Every structure is written in C-alpha cells, then in structure tokens.
Amino acid sequence: MSQQQDRRRPSGSGTALSEAYDTALLDLDGVVYAGGEAIAHAVESLAGARAGGMRLAYVTNNALRTPDAVAEHLTELGVPAEPADVITSAQAVARLAAGRLPAGSRVLAIGGEGLRVALRERGLVPVESADDGPVAVVQGYGGPDMVWGRFAEASYAIRRGLPWFASNTDLTIPGARGIAPGNGAAVEVVRIATGAEPQVAGKPLPPMHRETVLRTGAKRPIVVGDRLDTDIEGAFNGGVDSLLVLTGVTDGAQLLAAPPQHRPTYVDRDLRGLLTGQPEVTPAGAAYRCGGWTAAVRGEELVVEGEGEALDGLRALCAAAWTFAGPGVCGLDAAKALAGLGL
C-alpha cells in the first residue's frame, strides 16, 4: 500500500507548495471565506500564490450560487476570479445527470439558481413540480430559506420511480454564526420520506474530481480544504496530494483520529501554508519529531513534549496517531496533548 493510500505521517516539502504544484483546487466555505467574509490571511495568500504562477481554481460542493456569482463575490473580497475559475457540485451533478438522460430532458430541480444554470448548460430543462413531466430529480443546496414544500415535491417524484441525483451530501456548512445544516441534511429528509438512494456527484466522489480536471486541465494539482470527509477524501480518491487548513470544520482531535482516506498530505493553519515549505516529520526511536516537538504513544494516550510552533506538535502527533492506527482509526486519548498545544 502506497504512502498516498495509507499515509502514516504528514509529508514535508522543501519548496513552497505554490511552486511544487501547478494548480490549487481550493474549497471555498471554511477555506477562503466563511459566512461571506474572507478568512484571515486568505486574500493575501492567494494573491501571493497567483503572483508566483500558481493557477487558482475554486472547487465547492455548495451548489447554491452560479460560477458568475461566486467569481463576483471572490473579486469583491479581493480575490480576482473569473467564472471559469469556479467549479461547483451543481456542474458535476448536471454532467452526471446529462450522461444518463436523453438530451433536452425535463428534470425537477430542487435547489438554487446555481443548480438551474448548470442543468441548462448541459442541455437539461429544469422544472418546478413533480407534475411538470420531469424524468429525474436533481437536488442541490437551496440555502437557509429553502421551502419545506420543495422536499415534498422531490419525494412525490421519486416515489413515482424517477431517478434521483444529488449534488453532494455534506451534512453541515460553515457560516459567520457557526455551523449550519448543509445539503446532506436536506438529502436525508428526502431519503427518509422515500427510502430511495441518490446518485451523488460532489466531493469526495469521482464525478466532482472529473469535472474539476476537465475544467482546469491541472497537471500537478493540490486539493486545499477544511473537511476530511469531502476535500481530503476527494483528493485520496483522485490520487492527488492535499493540504488541510484548520480554518473550517476540522479540529485537531478529528485529524488525529482520521482513517487513511481522510489523512491529508500536509497540514497548516490557513492559506499561508501555500506560500511556504512544509516541515519534515521524522522518526525518533518509537516517537516522531517535528520542529521542537516530539510525540509518542504512551499506554492509552498520545503525548507530545517540547516547545515552538504548536502546529509542528500537531504534525508530530499525527505521525504517532496514524502510525499506531495503521489502516484503521486511532482511538487513543489526545485531549491532554492537544490542550498542551493550545489546539
């Protein structure tokens, strides 16, 4: 099993990631912005990466807005972007559905304008009711004001035997006030009502990766995200490297407990990690060392000792935890170690 398949510790890089990779495939919510506002250090870090020749592509499971709207928002935040730089799960699910339906098919669209635009781009005709003659149901995130009756409309159509496609199944979405229900929660509502299972396009599944590669032409991409179960697993499934930033939903405890498909290549606090090399994590007897920190397994606990940059301590802890867990999940207590790092 390769390092990519069964990662035992974060990797190091002697050069800045923006130089080692030609394209950054960046998640948006929790990475570039949260609740519509830019995350600290995002704007200047992306500007620096772009100035160094790295292509920036914004890859989001959020199907609510159109690429035009996302690009406009990014530009307003100080991150110049064109619609072609934005890849959404709405585009991925539209391609997935179009590949399985006759050209010009009517489909019941449960979601926002981003979903409708993507469906039209692929030659499908979005309709509003199960009684409008759709041949399939396509569901994407409709925002916090989605009317409950839309889920009922989807349920009526699916119970009539229509195939069901979903942009993504993220249960949560980060916002300015905290973590809110995502499209996955809405998909669960329809699943409970129908007993059906959707065909899913978004991260971490292959249709989203295919859509991204088709639209960016990336040769040496790196996935940058905040979620282990979408961004990092999507990179794993696509066989590409990944950078986890700790500005979104993933915390230190979740990272240490990650199974192989959720272990990122690199870990950093925020997007400044694109502009730097990454420190090596090296074996030190039965322990692992990164920077001024050494981490090991003692009894039923993960422990870390030393001083310096706390993130180096977390990287060392990852090596100890992932090596102990091997192809499984590390269930060791890491609370004291993380508290000692202030993480």
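## Stop one: the largest pocket

Select H7 to begin: this helix gives 4 residues, the largest share of the lining of the largest pocket. (Helices, H or I with at least four residues, and strands, E with at least two, are DSSP runs numbered from the N terminus.) This is a predicted model, where local features need pLDDT of at least 70 and side-chain atom pairs count only at pLDDT 80 or more, while totals for chains, interfaces and linings use all residues. Residues are numbered from 1 along each chain as its sequence is written, and side-chain values use heavy atoms, with hydrogens and water left out.

The volume of the largest pocket is about 590 Å³. Now pick Tyr141, Gly143, Pro144, Ile173 and Pro181, which are the closest to its centre of the 31 lining residues. Colour the lining by type and you get 16 nonpolar, 13 polar and 2 charged residues.

## Stop two: aspartate 226

Next, go to the loop between strand S13 (221-225) and helix H9 (228-238), where aspartate 226 sits. Aspartate 226 is buried without a salt bridge, and the nearest side chain of opposite charge, arginine 227, is 5.7 Å away.

## Stop three: glycine 114

Finally, select helix H5 (residues 113-121), which holds glycine 114. Glycine 114 counts as buried because its relative accessibility is 3%.

Notes: 1 Å grid on protein atoms, 1.4 Å probe; cavity = no way out; pocket = protein on both sides within 12 Å on 5 of 7 lines; lining within 4 Å. Points joined across faces, edges and corners; volume = space filled by probe spheres on them. Nonpolar A, V, L, I, M, F, W, Y, C, P; charged D, E, K, R; others polar. Buried < 20%, exposed > 50% of the residue type's maximum accessible area, 1.4 Å probe, protein only. Lys, Arg positive; Asp, Glu negative; His and termini not counted. Salt bridge = Lys/Arg side-chain N within 4 Å of Asp/Glu carboxyl O.
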